[in-house]
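Please open the model in your viewer and keep a selection tool at hand. The tour below moves through charged side chains, one stop at a time.

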Amino acid sequence: MFRDPNRGIDHPARGRHVWQAMSESAAPTEVSMDALVALSKRRGFIFQSSEIYNGFNGFFDYGPLGSELKKNIRDCWWDDMVRRRDDVVGIETSIIMHPKVWQASGHVDGFTDPLVDCKASKQRYRADQLFFSPVVVDGNTVGYVSALESESTTEELQEKAEALKRKKAIQGTLAPVVAKDMTEAAPEEIALIPSPATGEPGSLTAPRSFNMMFQTNVGAMTDGSSVAYLRPETAQGMFVDFKNVVDTGRVKLPFGIAQIGKSFRNEITPRNFIFRSREFEQMEMEYFIHEDADWAQAHKDWIQWCWDWLKSIGLPDSHLSLYDHAKEKLAFYSRGTTDIMFKYPFGVQELWGIAARGNYDLTQHANASGKPQDIFDEATKKKFVPHVIEPAVGVDRIFLAVLCAAYAEESVTDEKGNTETRTVLRLSPRIAPVKVAVLPLLKNKEVLTDRAKALYKKLQRRYAVFYDEAGAIGRRYRRQDEIGTPWCVTIDFDTIEKEGDTFTLRERDSMEQRRVTEQELFQLLDEAVY
């Protein structure tokens, strides 16, 4: 955490005891991607883009509940990152910028992934996600096997090596496979490695660079002078507008510039649902510090801030970990990069990257544009180019992470003693798409429905709420459990006939019920939803 209490996440603690109380009985459970994809479609969280035309690979649409959940994630981040801090301001920059921006930043020449083609199947693979191993028996290489990256890549390669040994009827001791990706393949090995698509060698090409930026044309002409790009990241917009913010925003070092927006990357192999797609949304912040500041401490502080923020929206410590990039694999200008990793069903993958980028970006744009990107230091009476710490995260990856952490299936017993499976999303109240469901006990009793609708309208002024009068009350509870609604309020005959005007408040995770007044309900929501 930051040592300055005005610069840390102090607000999430405000409702933390409410959220902890809700979640004490609910540790995250293992979940399959098939279950998440099915739920997302069934309940209107996520749809395949252009589905009626058989979909469009790498693009997704967010349905009624999904768009609400995604907006809540963005709003929580913006509130905590910008509005509740004194040292960060927000901006919104254009998706298409001058092409010289991307030349200066290095994206035109260097924003590439290694690509491997299968000439037989016409499939394309990212070379660093396609693994191979020689099959060695008694010290002799008798062939090669390949497999796509997964949680069990090595095991799959070993099984294929054993199958190849049996197929060739070779006697002797099989050595354990040594998995390498295709960027490590020697030229003479390329023709010997089988394609994952065909299982036969000879069709894979050597890795080559593939630029992932989407190219377009601006204006009436379609020649080289009109070429532009859809931005592959939001960061460069903040660097290009750095001086504008300094000149107009009354900011002093250290300070940050934050932005939320769409980015586009022509991924070779989009996969794992919304984890890696071609159109996605980023939440990035560039935190500028003095050139002589303790960058390592600032980097560490931001890692802690990001970790705490993820916990504030419901991600558990058990699913989070840190990965420090090796120094030899860092970009030449980078002082250090740490990723907060999340345990997805398909493996532990990067969720949030926090990079110490030095003054590279501002210096590049100053040199390319001819316009200085420096700041005057009153203390030393000198000008310098600030350094930057960059926390960058994808909204879609957080969306998928909270679904993974929240999803659970459990056996419960209904009021008749029957056992059934309950599907529940244990979403934090901060981000749940619906905060409260208002349920009249019976839909044919006007005195109940009128009181329920009056409460619903009052809640609707401040919160996303849902009114449901169709079906048995237990079935209505289950529908709300499945979409992550933290509380259901039932208007029953005690509400009408007894003093106090109380309702039955049913809590999602524990399924416990208690009587509350309207004032107590609003106090609960004010504490938990911020």
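Throughout, buried means a relative accessible area under 20%, exposed means over 50%, and partly exposed means in between, with a 1.4 Å probe and protein chains only. The model is predicted, so local features need pLDDT of at least 70 and side-chain atom pairs count only at pLDDT 80 or more, while totals for chains, interfaces and linings use all residues. Residues are numbered from 1 along each chain as its sequence is written, and side-chain values use heavy atoms, with hydrogens and water left out.

Side chains of opposite charge can pair when their charged atoms come close. Here a salt bridge is a side-chain nitrogen of Lys or Arg within 4 Å of a carboxyl oxygen of Asp or Glu, and by this rule the model holds 40 salt bridges.

Select D80 and R84 to begin: the two form a salt bridge whose closest N and O atoms are 2.9 Å apart. D80 is buried, at 3% relative accessible area, whereas R84 is partly exposed, at 21%.

Next, select R126 together with D128, whose side chains meet in a salt bridge at 2.8 Å from N to O. R126 is buried, with a relative accessible area of 10%, and D128 is partly exposed, with 25%.

Then move to R508 and D509, where a salt bridge brings the closest N and O atoms to 2.7 Å; both of these residues are buried.
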